[in-house]
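Colleague: I would like to learn how to read a model like this one. Can we take it feature by feature?

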Amino acid sequence: MKVSRRSGQVRVRLETSEVELLSQVLLEFEQTSAVLAPGDLVYERLHPAAYQDPDAAAEFRDLTGDDADRARAARVGQCRAELTGTTLRLDDESLERWLMTLNDLRLALGTRLGVTAEEDPNDPAVQGDGGRLLYHWLTWFQDALVLTVLR
């Protein structure tokens, strides 16, 4: 993957295998996030408590959760639709959508895998774990987008 910025757009050049991987990950996330429910660790991570009081937090989730889920599903669908070739051309709106979607993917995958902030992606145990490698690749992708914007 190579990320650059030209003429107000961020361009991401992906290998064919990276496009296939992203397509699959986005599809799986779209399918699994549609059936998440309160009590599931990924659901809880994607719907953080807005209040310390459990009753107030639950009421807030009840009021906002469906809208947040619809917005998340729309973002994922749009990102999937943009993976038509090996080059993504991202304007400000699509860049924000990709950053949010990559963050959601990382949160969901990291929660399922029990990834911690202290985890070293170069650790041999991580190198032998496909799920953890995917998590760190998504992190690297997100970081590359952010750094390109900040330059």
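**Reading the model**

Modeller: Start with burial: 35% of the 151 residues in the chain are buried. Buried means under 20% relative accessible area, exposed over 50%, partly exposed in between (1.4 Å probe, protein chains only). This is a predicted model: local features need pLDDT of at least 70, side-chain atom pairs count only at pLDDT 80 or more, and totals for chains, interfaces and linings use all residues. Residues are numbered from 1 along each chain as its sequence is written, and side-chain values use heavy atoms, without hydrogens and water.

Colleague: How many helices and strands are there in the chain?

Modeller: Helices (H or I, at least four residues) and strands (E, at least two) are DSSP runs, numbered from the N terminus. Here the chain has 6 helices and 3 strands. Their order from the N terminus is β-β-α-α-α-β-α-α-α.

Colleague: Where is Ser 7 found?

Modeller: Ser 7 sits in the loop between strand S1 (2-6) and strand S2 (9-13). Ser 7 is not a glycine, yet has a positive phi of about 50°.

Colleague: Is Ser 7 buried or exposed?

Modeller: Ser 7 counts as exposed because its relative accessibility is 78%.
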